[in-house]
Amino acid sequence: MGKHQPAISRRGFVAASGAVALGAGLGATATGCSSGGDAAKGGDAQKEDKWVPTTCNMCFNQCSILAHVVDGKVVELKGNPDSPVGRGHICAKGASGIMQLYDPNRITKPMKRTNPKKGFDQDPGWEEISWDEAYELVNKNISEAIERSGPHAVTGMSMVASQAGSLVRHTALGVIYGNAEGSCSDICGAGVHQLEYLHTGAGNAMPDYKYCNYIVQFGTNAGTATRHGFNMTVEPFSERRKEGLRLVSFDPHMGGSGEQADLWVPILPGTDAAVALAMAYVLVHEENLIDVDFLTNRTNGPALVDLETKRIIRAEGSNKALYMDLSDNAVKPYDECEKPALEGTFEVDGKTCSTGFTLYKEHIKTYTPEYAESISTVPAATIRQVAKEYGEAAHIGEAITIDGVTLPYRPVCVDAFSGITRHKHSFLTCWSVFSLNNLVGATNAVGGFIGFDPACNGWADNNPQMAFRPGIWEEDGFIEDVSLMLAFPHSYYQKIRESDYTPTTMGMLELQPMSEDNHFEHVAQAHPDLYHTQAAEVAFCYACNPIKWWGNYDEQAEIFKSYKYVIGVDIFLNESSYFYDVILPECCYLERLEPLPHFALNHRVIGGLDNPWAVTAWQKVVEPKDDAPSSFQLFAELAHRAGKDAEFIATLNAMYRVKDEYSVPMDQKLEPEAFADSVLKSVIDEEHGIEWMKEHGVYTYPRKIDEVYIWANDAPGKVPLYWDFMLEAKEKVEAKVAELDIPWETDDYQPLPDWKPGCGFDIEDPDYDIIPVYYTDAVNTDSWLMENPWINEINEANPYGYTIEMNKATAEAKGLASGDSVRLETLEGVSVEGKLAVSEGVHASCVSVIGGDWGSKSEFMPIAKDKGVPIVHLLPGQTPDRMDHVCSAFDQCIRVKIEKIA
């Protein structure tokens, strides 16, 4: 296969494929014609003209779509109006999916490299091979590595844009080879998911848009450009905005939310916690806008804390938290108190104890708006204004009756996502931000901050197969949670209490009981002696571009050179493919069937009473080019060749909750369509199998009020305000790292939230005074979508698409202007270059780009090559100093010098 592939414009693409993507925004479609023109007018009888319901995979939201197929070609894509998943809309990404299907640069046959040298400047010398040889190479190299060095010799990598394939890849490697290393994913929402679990029982949470009147966003474009359930969120969010919902956006860059907000507040990156805690200060100390009833009964604010040890005192035997009961001035377990004291200091068995809320109240006295201004650059007056408006809009003390059930009514929400997680102290930041919902009683309240899908009673009458609900941690009365995607029971509190803490993988998750991300693998792979871990010898990269998803690309390249063998599964030859030894193509999403696209519907499908449970079809629309397999087919084949059909199927059956009577044969190779049928009949009923789903496209079932509001009907449960369990975790982590003699940071394990300076906060050299940031818009998905001709055309038409955006006043002060070629350079001498575009939509101390990981180096992606500015390359990615040791977040702040170049 030659090094240089054909570049193609949108118009050239149309001529080559016989299909064109047109339209944009909500309700847009991609339209075109079959390769032979209009068959009805051309004289030949039209063989086929049909609409096929399926699922989009141009981003991880996977909206329901309809594909128009004429004579075996897809000529149009549009949203499926019958499905709540997308609400009949299709975004620019989805509309351009037709171009991915017919992209001449898409790979459809397995290949192996013939050039042993690896590097961005090396042509791999790809040679097409048979599928038998490809599978044999995969099996041989994984098996030999594990036989040689044990189950940790192989590591897997996947991207969130292909959730099912990522999960099946991880499952297959474990089942077939006994591989023990976990998935090394892209950065994701480290910190956010954990806080949402702890507060709502679900790993993703949202404003209750239907009833919310005031939203404060920190570092997110949810409902305007991005986030889980984006197309489902846009319509209700926009409708509520028309009705008066007020939106405030704290963000260094004026992205989708900032543009649509009533108030955009530019904030210095990494200082969100300081502003959030200052808002708490205003609510508690200046305005007294707090929900005392909620804090007393739905948090552990009344828990008595020993002032000497900072630990909650507990009842002997049950270990339940002790409260002061004001009804008789006696200390009792929390669940025996009639009138808990929220505030106060008391003597208990010779110990001086204060309530958790008393300590919280004292703790935040430091965070005056003036102090936060000195850190964040956000004016104190703005902090006071937003806090006061938020508290006044909360309707503290009010209730609402829905379907005969009376519930607390708190129509305000503080929301956040990944913008606040790309920092060293991500966990503390997320904690500070989301706690604002607790102060006004908005957590799990009507109009407030609710989980996407925290509970389910089942998807059909008299069938609880897909039922799930958070448990209760009895010692404190806290709600536990259910895992994302699979919705299995989970408890961080139990994990802290019962874990061994001895690391078993490079991800070091055992030392991070509050985390679910394996990001320490990047550090451990580079420095195995640091943590006494075993470096992997073989990497299996599924549907991802791991060279570009973390930090400095040259560092990542050296890691990939160090692997003895690298396996890739993808649809394009991206930068990472320059380091692959074999690559197996996966078919396009329009060429495959997958079971249960959204799993338990609790990850990328928003909840709320207006959104019924929706199980959607993902079916093959056209035949796969060159018979390229889906991920299910690929891993099923590996399992079959290894004689592991039964083990593979049994594991999938457990994950997908397949009933025994519907299981596919265990002694045969898994067939995806039959497996999908078994899943649907298990979680719905006999009538709604795969044939029904292929015809109808979507199955819906009404959502119940106790599935949306988990405290309906006075259901039990609290959320933590004083985090005593963090001190328990700290003690255990410190004991283990001392035993293992490895370095580990534990300062962020504390019972109350704080702001702490992260990387890049301090200016070490006055010439290096700019912080690069990146954002995501509604058009792009990471780096791979840039190869799409239509998306590229949109980006080229956008003055900020492939440029470096800079604050106008700052640019003028530095003698810079739009159109200038500039270089961003770190103190270590790492640099990237690009064209400047000035605006007033970026913080004065920042420059901003879309994506952050663009600037493709791959000759095999000619449309994407050299487009955009890869500021992630500026970041050293293999040092633990940038890691949040609580939740595995990675600090992406760095100071740079910006200078004009010829």
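Helix α20, residues 631–641, is mostly covered in this predicted model, with helices being DSSP runs of H or I at least four residues long, strands being runs of E of at least two, and both numbered from the N terminus. Of its 11 residues, 8 are buried, where buried means under 20% relative accessible area, exposed means over 50% and partly exposed lies in between (1.4 Å probe, protein chains only). The buried set is made up of Ser 631, Phe 632, Leu 634, Phe 635, Ala 636, Glu 637, Leu 638 and Ala 639. Just past the helix, Gly 643 has a positive phi of about 70°.

A word on the ground rules: because the model is predicted, local features need pLDDT of at least 70 and side-chain atom pairs count only at pLDDT 80 or more, while totals for chains, interfaces and linings use all residues. Residues are numbered from 1 along each chain as its sequence is written, and side-chain values use heavy atoms, with hydrogens and water left out.

Glu 586 sits in the loop that links β28 (582–585) and β29 (613–616). With 5% relative accessibility, Glu 586 counts as buried. Its side chain makes a polar contact with the side chain of Tyr 542 at 2.9 Å; a polar contact is a pair of N or O atoms within 3.5 Å, where within protein one must be able to donate a hydrogen and the other to accept it, and residues adjacent in sequence count only if both atoms are side-chain atoms.

Next comes a sheet of 6 strands, which is open and has the order β31-β35-β32-β34-β33-β36, with mixed pairing. Two strands pair if DSSP finds at least two bridges between them. At the edges stand β31 (771–775) and β36 (896–900), each with a single partner strand, so one side of each has no neighbour in the sheet. From one strand to the next, the twist averages 40°; axes here are lines fitted to C-alpha atoms, for helices over the stretch in contact, and angles run from 0 to 180 degrees between N-to-C directions.

Within that sheet, β33 (residues 821–826) and β34 (residues 831–839) run antiparallel and are joined by 5 bridges. Across this pair, Glu 825 stands opposite Ser 831, Leu 824 has Val 832 as its bridge partner, and Val 822 faces Gly 834. The two strands make a hairpin with 4 residues between them, and Gly 829 in the turn has a positive phi of about 90°. β33 also pairs with β36, again in the antiparallel sense, over 5 bridges; there, Val 822 has Lys 900 as its bridge partner. As 5 of its 6 residues are buried, β33 is largely enclosed by the rest of the structure. β34, for its part, runs parallel to β32 (residues 804–807), and 4 bridges join them. Asn 807 stands opposite Ser 839 of β34.

Another open sheet has 3 strands in the order β13-β17-β16, with antiparallel pairing. Its edges are β13 (304–306) and β16 (345–348), each with a single partner strand, so one side of each is left without a neighbour in the sheet. Direction ignored, its neighbouring strands are turned by 40° against each other on average. β13 and β17 (residues 351–355) pair over 3 bridges, and Leu 304 has Thr 355 of β17 as its bridge partner. Helix α12 (residues 356–363) lies across β13, β16 and β17, running at about 75° to β17.

Finally, there is a helix crossing. The axes of α10 (residues 272–286) and α14 (residues 380–393) come within 9 Å and cross at roughly 60°. The two helices are therefore oblique to each other, on a scale where angles under 35 degrees count as roughly parallel, over 145 as roughly antiparallel, 65 to 115 as roughly perpendicular and the rest as oblique. Residues making the contact include Val 275 and Leu 283 of α10, along with Ile 383 and Tyr 390 of α14.

Note on methods. Contact = heavy atoms within 4.5 Å.
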